[in-house]
Amino acid sequence: MFGTGLLKGLGVTLKHALDTFEDDRESVPDRYKGSLELGNNRRVIQQPIDQEGLLTIQYPEEKRLLPERFRYIPMLIWDSEKQEDRCTACGICAKVCPPQCIWIVRDSDENGKPVTRCSEFYIDAAVCMSCSFCVEFCPFDAIKMNHDYELAVYDRYPQLVYDMEELTVPLEYYAALWPTQYEEEQARRKQEEEEKRKQEEEKAAKAAARAAAKSAAAAEKPAAGAPKRSAAELQALAKERAAQRQAQAAEGGGDDDAAAAKRARMEDLKRRAQERARQRKQDSGQ
Ligand code: SF4
Ligand code: SF4
């Protein structure tokens with residue numbers, strides 16, 4: 001029937017209004033169930049999933065508990081375990097930032113050589129669009145999204161340009177804001193470190209095995225050249241070699257006689273050939 005949907009929608013709105021009214025009339029409203037008291041009438045309220053009606057939050061005394069994946073302006077992580085900034089000044093976040101609101105100055109050592117840390121890191125919060133690209137692309141888990149949204153200031157510049165000191169937070173702060181993500185990251189980092197340690201151990205074991213094989217080969221080399229026969233054997237061998245040499249010399253003399261006989265035979269053949277040639281010449285002259 002025409003208008004049924006409209007009436008249905010109005011009914012839902014009316015139900016929410018009545019539920020809200022009912023909750024507001026109670027001295028301890030349902031909305032405070034499970035809320036976190038901060039003192040001075042300040043509370044952080046988490047609306048239960050079964051809560052009916054719209055909650056009126058008495059901001060700024062009362063605030064909503066933000067969902068973990070809420071994101072506002074990035075923050076830089078100070079690794080409390082290693083006592084160092086996680087940022088290595090690689091500059092990837094500045095490259096991928098769509099409105100280009102990050103700029104970084106890389107630090108250098110006493111010789112002027114660039115090192116893997118920042119000396120300056122700025123984010124223009126007035127330009128940042130909370131897209132979280134910088135977080136997605138950072139290879140070192142060094143930049144994360146902060147939940148802090150109360151950033152109102154009187155002057156945009158320079159108050160909304162955050163420097164490294166304003167952006168840096170300890171790891172524990174990040175762990176409290178993003179507990180699920182932090183746990184996942186820690187598990188991944190632990191696994192990566194374990195794999196890296198195993199690879200290094202394997203590499204060291206291989207290097208040690210190579211070095212052992214090399215030294216074993218070096219130890220075997222002089223053994224190969226070392227005398228394998230006793231002194232008496234060597235003397236006998238020397239005598240044998242001397243006798244062989246004498247025999248060879250004697251054989252060499254025999255060779256000389258044979259060569260002389262060969263030479264004489266050749267001379268004889270040559271002489272006979274010359275005689276025959278002379279004879280042929282005389283015969284042809286007749
Ligand atoms: S925050 Fe991450 S991506 Fe950006 S410079 Fe530092 S290490 Fe590189
Ligand atoms: S959240 Fe987006 S806009 Fe803001 S600094 Fe990161 S990349 Fe840039």
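Colleague: Happy to look at this with you! Over how many bridges do β6 and strand β7 pair?

Modeller: Keep in mind that this is a predicted model. Strand β7 covers residues 114-124, and its pairing with β6 is antiparallel. The number of bridges between β6 and β7 is six.

Colleague: Nice. Which residue is the bridge partner of W103 in β7?

Modeller: β6 spans 102-108, so look for W103 in that strand and for its partner across in β7. The bridge partner of W103 is Y122.

Colleague: And which are the edge strands of the sheet?

Modeller: Three strands make up this open, antiparallel sheet, in the order β6-β7-β9. An edge strand here pairs on one side only. The edge strands are β6 (102-108) and β9 (161-162).

Colleague: Let's turn to the ligands. How many charged residues are in the shell around ligand 1?

Modeller: The surrounding residues include C87, C90, C93 and C138, along with I92, I104 and F140. By class, 10 residues of this shell are nonpolar and two are polar. The count of charged residues is therefore none, with Cys counted as nonpolar.

Colleague: What about ligand 2: how many nonpolar residues does its shell have?

Modeller: Ligand 2 is surrounded by 14 residues, the closest being C97, C128, C131, F133 and C134. Two residues of the shell are polar and no residue is charged. The nonpolar residues number 12.

Colleague: Last one, thanks! How far apart do the C-alpha centres of domain 1 and domain 2 lie?

Modeller: The domain assignment places domain 1 at 12-64 and domain 2 at 74-177. Between their C-alpha centres the distance is 35 Å.

Key
Residues are numbered from 1 along each chain as its sequence is written. Chains are lettered from A and ligands numbered from 1 in the order in which they are written. This is a predicted model: local features need pLDDT of at least 70, side-chain atom pairs count only at pLDDT 80 or more; totals for chains, interfaces and linings use all residues. A residue is near a molecule or strand if its C-beta atom, placed from the backbone, lies within 6 Å of it. Two strands pair if DSSP finds at least two bridges between them. Helices (H or I, at least four residues) and strands (E, at least two) are DSSP runs, numbered from the N terminus. Domain bounds come from an automatic or database domain assignment.
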